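This briefing concerns the structure shown below. It treats strand pairing, nonpolar cores and salt bridges in turn.

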Amino acid sequence: MGREGYVVPVDPQMGLSVGLKKKAAGSRSWILLDSLGEGTVLDLDKYAIMNRVHIHARDLRILDPLLSYPSTILGREKAIVLNLEHIKAIITADEVLLRDPSEEHVIPVVQELQRRLCPGNAAHKVQGDGKELGGHEVEATEDEFPFEFRALEVALDSICNFLAARTTELETAAYPALDELTSKISSRNLDRVRKLKSAMTRLTARVQKVRDELEQLLDDDDDMSDLYLSRKMATPASPVSGSAAAWFPSSPTVGSKISRPVEQAYFMQIDGTLNKLTTLREYIDDTEDYINIQLDNHRNQLIQLELFLSSGTVCLSLYSLVAGIFGMNIPYTWMDNHGYLFKWVVILTGILCAVVFVVVISYARYKGLVGS
């Protein structure tokens with residue numbers, strides 16, 4: 001195929017062939033899926049891609065895995081440029097080019113595209129707005145739905161399910177870890193929750209990017225209309241047979257009205273995933289607040305213990321002071337033949353120290369420094 005280089009046909013019923021797995025390790029590997037769901041692996045350079053789908057180099061850079069671009073859905077004159085996490089694709093009115101088809105998370109997308117694009121495999125209905133389509137109620141199967149919308153739906157469905165699955169895995173690991181942390185605060189549990197919180201923050205950012213892109217797309221009718229590639233390619237001279245003719249109205253705004261239900265459905269799904277992550281974040285924040293309260297309570301108990309020990313130390317110091325005075329090697333004439341004074345000094349000094357201790361603790365409780 002000239003500049004397109006290496007080609008490997010792919011059986012739509014068998015998924016990716018062995019030749020695909022061997023060759024597609026490079027970043028320039030693409031798989032081409034046509035309207036019949038048949039796949040062909042191509043080794044294309046950027047110039048061959050640009051000439052094939054008629055996009056600019058700046059649009060192709062969005063799909064470069066070496067560059068960190070946010071989630072993007074761009075409608076161009078003859079193609080849709082799609083960058084959603086691991087799904088990096090170019091959709092035209094009659095074919096899909098998907099990058100790195102041997103990548104672990106991309107293989108299910110390829111298989112789903114082959115299944116959904118193959119005629120006769122889609123059975124669910126697509127309900128149109130009768131007033132928007134010339135006053136007639138339009139009901140068509142997915143096979144009759146424009147090709148680019150079917151391919152875009154597969155990509156959105158795959159990315160939403162992928163992020164939802166990652167969220168479910170995170171929830172499954174996070175909630176038990178948080179409950180265990182509340183019951184036993186340890187370095188191991190704290191480190192485990194820290195890692196889960198970091199993973200949640202990264203996943204939330206990824207979900208937020210996809211949601212923001214869908215929201216921005218839904219808010220702009222012009223961008224929605226740009227996704228309707230079949231309308232752009234349809235001309236009065238080109239015959240359109242069968243029920244597919246209903247999908248080529250002359251009004252450019254119809255494109256946004258036809259594609260809007262698709263994007264809205266997946267926007268609601270990704271928004272639900274984001275709400276789950278938000279709930280998990282709130283649960284983590286509540287757990288952190290609870291742990292901080294526990295730690296503050298333990299800290300207060302330690303302060304109270306320190307106060308008791310300090311008060312006891314002061315009282316014992318008074319006792320030691322009296323003992324030190326009477327232990328000095330100083331002659332006291334009044335001590336002669338008065339041995340009974342020893343026990344009274346000991347008793348009275350002990351009582352005095354106890355009274356001082358009680359007074360200090362009572363004053364601390366009166367001031368609210370220790371609990372009642």
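A residue is called buried when its relative accessible area is under 20%, exposed when it is over 50%, and partly exposed in between (1.4 Å probe, protein chains only). The model is predicted: local features need pLDDT of at least 70, side-chain atom pairs count only at pLDDT 80 or more, and totals for chains, interfaces and linings use all residues. Residues are numbered from 1 along each chain as its sequence is written, and side-chain values use heavy atoms, with hydrogens and water left out. Helices (H or I, at least four residues) and strands (E, at least two) are DSSP runs, numbered from the N terminus.

**Strands β4 and β5**
- Strand β4 (residues 72–75) directs Thr72 and Leu74 one way and Ile73 and Gly75 the other way, and all are buried.
- In a regular strand the side chains alternate between the two faces of the sheet.
- Strand β5 (residues 80–84) pairs with β4 in the antiparallel sense over four bridges; pairing requires that DSSP find at least two bridges between two strands.
- A hairpin of four residues joins β4 to β5, and Leu74 stands opposite Val81 in β5.

**Helix α2**
- Ala48, Ile49, Met50 and Val53 are buried in helix α2 (residues 46–53).
- The buried residues of α2 pack against β2 (29–34), α3 (57–60), β6 (87–91) and β7 (95–99).
- Just after α2, His54 takes a positive phi of about 60 degrees.

**Nonpolar cores**
- A nonpolar core is a set of buried Ala, Val, Leu, Ile, Met, Phe, Trp, Tyr and Cys residues joined through side-chain atoms within 4.5 Å.
- The largest such core has 57 residues, and those touching the most other members are Ile73, Leu82, Val96, Leu98, Leu113, Leu156 and Leu163.
- Helix α5 gives the most to this core, with 16 residues.
- A second, separate core of 17 residues includes Leu44, Ala48, Ile55 and Leu74.

**Salt bridges**
- The whole structure holds 16 salt bridges, each a side-chain nitrogen of Lys or Arg within 4 Å of a carboxyl oxygen of Asp or Glu.
- Glu112 meets Arg115 at 2.6 Å, N to O, and Arg116 at 3.2 Å, N to O.
- Arg115 is three residues from Glu112 in helix α4, so about one helical turn separates them; Arg116 and Glu112, four residues apart in α4, are also separated by about one helical turn.
- Arg116 is buried, with a relative accessible area of 10%, whereas Arg115 is partly exposed at 40%.
- A network of salt bridges links Glu112, Arg115, Arg116 and Glu153.
- In helix α6, Asp191 and Lys195 lie four residues apart and form a salt bridge of 3.4 Å, N to O.

Definitions and conventions:
Contact = heavy atoms within 4.5 Å.
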